Amino acid sequence: MSTIRSHISLILCALLTLLPVIASARDNGYTVKYDGGSVPDVTAGSDLRLYIDANQVRLIRGKKDVEPVITIPASSITEISYCQEAHRRIGTAVAVGVVTLGVGALVALSKSKKHFIGLTWANGDKKGGFAMQCDKNEYRGILAGIEGITGKKAIDSTTMTVKN
């Protein structure tokens with residue numbers, strides 16, 4: 001009986017020792033959706049992984065691809081912008097309303113928000129920009145990370161007015 005307990009305690013100690021190693025091996029990127037811009041060979045709606053390193057921002061296709069689609073040095077980022085787009089869920093309400101009459105009206109009254117972040121850069125003669133849609137739970141963290149490595153403050157693009 002005591003040998004079983006000693007084996008169990010040995011296994012538990014080994015697991016507790018390996019737990020920090022396993023936890024640090026997780027992916028530290030963010031899942032974003034490319035909304036448009038000047039990144040070559042990427043179409044709008046593509047799912048990408050965003051990595052914010054100490055001196056650069058990288059976009060990679062999927063989790064398994066190791067070759068970045070684009071790498072932007074933090075020093076070349078000229079502007080960071082963000083906005084939120086709110087809209088009513090009319091399409092969902094119609095679909096739900098066909099099946100259940102009363103619930104469709106409740107769904108039509110609810111709103112959903114999409115969160116967007118835009119980056120522009122100028123690296124020598126290479127200039128570009130793109131917009132990405134972020135998860136609502138990661139949106140503020142991505143903004144803070146990019147602001148931190150660039151030293152620039154993000155601009156709320158909904159407050160900007162365009163005059164013709």
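In which sense do strand 3 and strand 4 pair, and over how many bridges? They pair in the antiparallel sense, over four bridges. This is a predicted model, where local features need pLDDT of at least 70, side-chain atom pairs count only at pLDDT 80 or more, and totals for chains, interfaces and linings use all residues. Residues are numbered from 1 along each chain as its sequence is written, and side-chain values use heavy atoms, with hydrogens and water left out.

**Strands 3 and 4**

- Strand 3 covers residues 56-61 and strand 4 covers residues 70-73; strands (E, at least two residues) are DSSP runs, numbered from the N terminus.
- Two strands pair if DSSP finds at least two bridges between them, and here Gln56 has Pro73 in strand 4 as its bridge partner.
- Buried means under 20% relative accessible area, exposed over 50%, and partly exposed in between (1.4 Å probe, protein chains only).

**Salt bridges**

- You will find three salt bridges in the structure, each being a side-chain nitrogen of Lys or Arg within 4 Å of a carboxyl oxygen of Asp or Glu.
- Asp47 and Lys33 meet at 3.2 Å, N to O. This pair links distant parts of the chain, from Asp47 in strand 2 (residues 47-52) to Lys33 in strand 1 (residues 30-37), 14 residues apart.
- Lys33 counts as partly exposed because its relative accessibility is 32%.
- Arg58 and Asp53 form another salt bridge, at 2.7 Å, N to O; Asp53 is partly exposed, at 22% relative accessibility.
- Lys153 pairs with Glu147 in a salt bridge, with 3.9 Å between the closest N and O atoms.
- Lys153 is exposed, with a relative accessible area of 66%, while Glu147 is partly exposed at 21%.
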